[in-house]
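Good morning. I will go through one protein chain, from its surface to a few single residues. Please have the structure open.

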Amino acid sequence: MRRPPGLSVRLKLALSYAGFLAVAGALLLAVVWAYLLRYVPDNSQGLLGISPNRYLLVHTFAPAAAAAMGFLLVFGLAGGWILAGRMLAPLTRITAAARTAGTGSLSHRIRMEGRRDEFRELADTFDTMLGQLEAHVAEQQRFAANASHELRTPLAISRTLLDVARKDPTRDRAELIERLHAVNTRAIELTDALLLLSRGDRGHFARESVDLSLLAEEAAETLLPLAEQRRITLDVTGAARTSGSPELLLRMVTNLVQNAVVHNLPADGTVVVHTEERDGASVLRVENTGPPLPPELVPTLTEPFQRGTARVRGDEHAGVGLGLAIVHSVVRAHDGTLALTPRPAGGLTVTVRLPRAQPGRA
């Protein structure tokens, strides 16, 4: 936005200091005039011919008063300019840091020293904002790079299959079509997951009262054939309600249950899905058995495309590495919290805390 040039804040403060100082001096002189000179006789001879009169005092005092006023004005301007410069020095550093950030460099920090005041609180807030912005930009860049890599893989496979079919016309077309269908399905699933993740990050959705226990039962019913195939016992208990998008919350619960079923013991494992209202919040807890997880791996599980070396699978349920990332995005969009805790005996406990449903909502 283009603005016409104007006086600097430093000059305005200097003029203000000088003006206040001049007004204070004028008031002091007015007090002297009102309470001192009014009692001095106003005649040419003075008191008994030996005391000064008002006429002499005024003519003697007026030049000195004018000189004092001039000195106060100059002193106020100079002193105000220096004081304003010292007071605005932190603001100058903040402005320089903002210009640096405007060029795309987000690693710069002000790190203003000294005791806390308004400028230092502003500088600390600005540093915190830069840190969050830098982390967010880095996350988005990493996400874009990973998404491009993941999307490139099925496209490259499709091109390879088509090149092979073109060079070998005798190749079985049914097998080619089946493999192309599988690759295309995986690409569509990845695209849908990316769109859902983007929607959750924006948080643009209508909120309504949602029964978490019903969503848990629906997700468990959908994934029951998979659990039975893997000989996993699936148990759903409890009741709780929250406010949000039923579609996004169902995807969140489904992802958690599917993740618990897929990343479980080879056989005879368990998955427990429990919902409850506790401490003013609606709590969803998904706990599963499985192999022990390294503590350093757990914090990375909610990052996009981070499957973990112990979690990569080669079957049809390998996923695209966005399951828990979508869960994290949905929870964050619903103003909730997500906690992942490795179980001592193996497996993972995922706890989601969401705001309770507001009274009066349908």
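The protein chain exposes about 22,300 Å², and carbon and sulfur atoms supply 59% of that area. Accessible areas here come from the Shrake-Rupley method with a 1.4 Å probe, and for residues only the protein chains shown count as cover.

Some notes on the source. This is a predicted model, in which local features need pLDDT of at least 70 and side-chain atom pairs count only at pLDDT 80 or more, while totals for chains, interfaces and linings use all residues. Residues are numbered from 1 along each chain as its sequence is written, and side-chain values use heavy atoms, with hydrogens and water left out.

Now the overall layout. The chain has seven helices and seven strands. Helices (H or I, at least four residues) and strands (E, at least two) are DSSP runs, numbered from the N terminus. Read from the N terminus, the order is α-α-α-α-β-α-β-β-α-β-β-α-β-β. Of the 362 residues, 34% count as buried. Buried means under 20% relative accessible area, exposed means over 50%, and partly exposed is in between (1.4 Å probe, protein chains only). Of the contacts with a separation of 6 or more, 70% are between residues 24 or more positions apart; a contact means heavy atoms within 4.5 Å.

Start with helix α1, residues 9–35. Its 27 residues reach 39 Å from the first C-alpha to the last, close to the 39 Å expected at 1.5 Å a residue. The expected span is 1.5 Å times one less than the number of residues. Which residues of α1 are buried? They are Ala14, Ala18, Ala22 and Gly25.

Next, helix α2, residues 54–102, where Phe71 and Phe75 lie four residues apart, about one turn of the helix. An α-helix has 3.6 residues a turn, so residues three or four places apart point the same way. Rings of Phe, Tyr and Trp (its six-membered ring) pair if their centres lie within 6.5 Å; planes under 30 degrees apart count as stacked, over 60 as edge-to-face and the rest as tilted. The count comes to one aromatic pair. The ring centres of Phe71 and Phe75 are 5.7 Å apart and their planes are at 20 degrees, so this pair is stacked. Phe71 is exposed at 55% relative accessibility, and Phe75 is partly exposed at 49%.

Salt bridges come next. The rule is a side-chain nitrogen of Lys or Arg within 4 Å of a carboxyl oxygen of Asp or Glu, and the count comes to eleven. One of them joins Asp163 and Arg166, with the closest N and O atoms 3.3 Å apart. Both residues are in helix α3 (residues 118–167), three residues apart, and therefore separated by about one helical turn. Asp163 is partly exposed at 27%, whereas Arg166 is exposed at 63%.

Another salt bridge links Arg343 and Glu287 at 2.9 Å, N to O. Arg343 lies in the loop between β6 (337–342) and β7 (348–355) and Glu287 in strand β5 (residues 281–288), so the pair ties together parts 56 residues apart in sequence. Arg343 is partly exposed at 23% relative accessibility, and Glu287 is partly exposed at 28%. Elsewhere, salt bridges with shared partners join Glu276, Arg278 and Arg285 into one network.

Last, is Ser245 buried or exposed? Ser245 is buried, with a relative accessible area of 4%. Its place is in the loop between β3 (241–244) and α6 (246–262).
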